[in-house]
Amino acid sequence: MEFAAAYIKPDFFTDCPDLPRLSSSPGLGIRLAGLHFTLVGLFESEISLLEERFRGFTYRPAPEDAVEQVIEIREAPSRYFFAPSYPKGENHVQFDYQLDQIRLAGSHFYGYFDRNPNTPSNIWVEQGADHARIEIVENFTRAVLAFRLFEAGGLLVHSAGIVIDGEALLFLGRSGAGKSTLSGIALEHGTDILSDDLNAIIPTRGGYGVCRIPFTGDLRHLQSSSSQALPLRAIFMLSQHSSTKISAMSLAQSLQGIMVCSPFVNTDSWRYDQLLESIERLLASVPCRCLRFTKDGEFLGLLGNSP
């Protein structure tokens with residue numbers, strides 16, 4: 001099926017690209033892993049909601065503020081969108097990867113962003129889909145961030161992140177692997193949690209660091225103004241088990257595990273080889289292990305002694 005054919009009617013692409021933004025507000029700035037994003041076209045009520053959701057990461061931009069990425073939010077009439085054929089609330093998104101541009105389409109929206117961060121990204125939300133606007137904008141921003149980190153030598157990874165002795169440890173796994181479970185147990189034991197869903201890995205002078213970002217899973221209250229990159233001590237592939245154990249992984253297993261947990265970029269055939277090289281560089285600097293854990297918190301004692 002042709003890209004976006006299930007979501008967008010063909011005349012959208014001739015009628016809607018030049019539609020103006022609904023709001024002339026300067027927008028909302030968000031600091032994500034050292035990058036500055038500005039969302040423009042939001043209503044004041046939506047800005048206030050995002051300020052609460054991303055508390056500590058947002059600011060009201062001034063003309064002189066540095067911006068790496070502008071995301072312009074527009075609205076298109078409902079007649080250009082097909083009605084979803086699946087239950088309300090489900091998240092369906094289709095990607096179209098090109099060498100210099102990535103397009104997205106899904107329930108109530110269409111958007112694109114260029115590989116060049118100096119070119120504004122654009123997203124059109126269906127008129128009347130107010131219930132979905134914030135989630136659409138957040139998910140679109142996650143995708144843009146994934147590629148901006150990737151182009152800078154970093155990665156956005158599905159993972160739980162915790163802090164031990166001032167260093168970050170990441171626990172990778174798809175949905176259901178136990179990221180939120182592990183994070184909740186660590187939190188109960190007084191351990192600082194970065195996120196239970198997505199974490200940003202960035203290259204540093206000494207190797208790699210992890211930045212706290214406001215994209216969380218079940219633990220929505222994990223909000224913090226700390227944007228400092230913490231040294232990345234180790235990566236673990238996660239598995240809930242009847243006993244607690246840390247075991248070695250082969251290079252091939254580690255590559256595959258991190259590849260699977262690198263959303264958005266890992267399904268882009270144009271960037272597959274570059275992604276593989278990026279993960280290999282990461283693994284040359286940071287050890288990767290397998291962690292089997294139980295719900296009694298025993299794993300925290302093992303982690304304190306883990307390289």
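**Entry 1: cysteines**

Is C288 buried or exposed? I looked it up: C288 has 5% relative accessibility and counts as buried. For my notes, buried means under 20% relative accessible area, exposed means over 50%, and partly exposed is in between, with a 1.4 Å probe and protein chains only.

Before going on, I remind myself that this is a predicted model, where local features need pLDDT of at least 70, side-chain atom pairs count only at pLDDT 80 or more, and totals for chains, interfaces and linings use all residues. Residues are numbered from 1 along each chain as its sequence is written, and side-chain values use heavy atoms, with hydrogens and water left out.

Next I looked for disulfides, taken as pairs of cysteine sulfur atoms within 2.5 Å. My search of the whole structure found zero.

**Entry 2**

I then turned to the strands. Helices (H or I, at least four residues) and strands (E, at least two) are DSSP runs, numbered from the N terminus. Two strands pair if DSSP finds at least two bridges between them.

What is the strand order of the open sheet of eight strands? I read it as β3-β1-β2-β4-β8-β7-β6-β5, with mixed pairing. The edge strands, each pairing on one side only, are β3 (58-59) and β5 (93-97).

Inside the sheet, β4 (residues 69-76) and β8 (residues 121-126) run parallel and are joined by six bridges. There I found E72 opposite N122 in β8.

Which strands does helix α2 (residues 44-53) lie across? They are β1, β2 and β3, and the helix runs at about 25° to β1. Helix α3 (residues 130-151) lies across β1, β2, β4, β5, β6 (101-106), β7 (109-114) and β8, at about 150° to β4. For these angles, axes are lines fitted to C-alpha atoms, for helices over the stretch in contact, and angles run from 0 to 180 degrees between N-to-C directions. Contact means heavy atoms within 4.5 Å.

**Entry 2: cores**

A nonpolar core is a set of buried Ala, Val, Leu, Ile, Met, Phe, Trp, Tyr and Cys residues joined through side-chain atoms within 4.5 Å. The largest one here has 69 residues, and L145, L155, L232 and L282 have the most contacts inside it. Helix α3 gives the most to this core, with twelve residues. Apart from it I found another core of 17 residues, including L169 and F299.

**Entry 3: positive phi**

I also checked A4, in the segment before α1 (12-15). Its phi is near 70°, a positive value in a residue other than glycine, and A4 is buried at 1% relative accessibility. A33, in the loop between β1 (28-32) and β2 (35-40), has a positive phi of about 55° although it is not a glycine. At 11% relative accessibility, A33 counts as buried.
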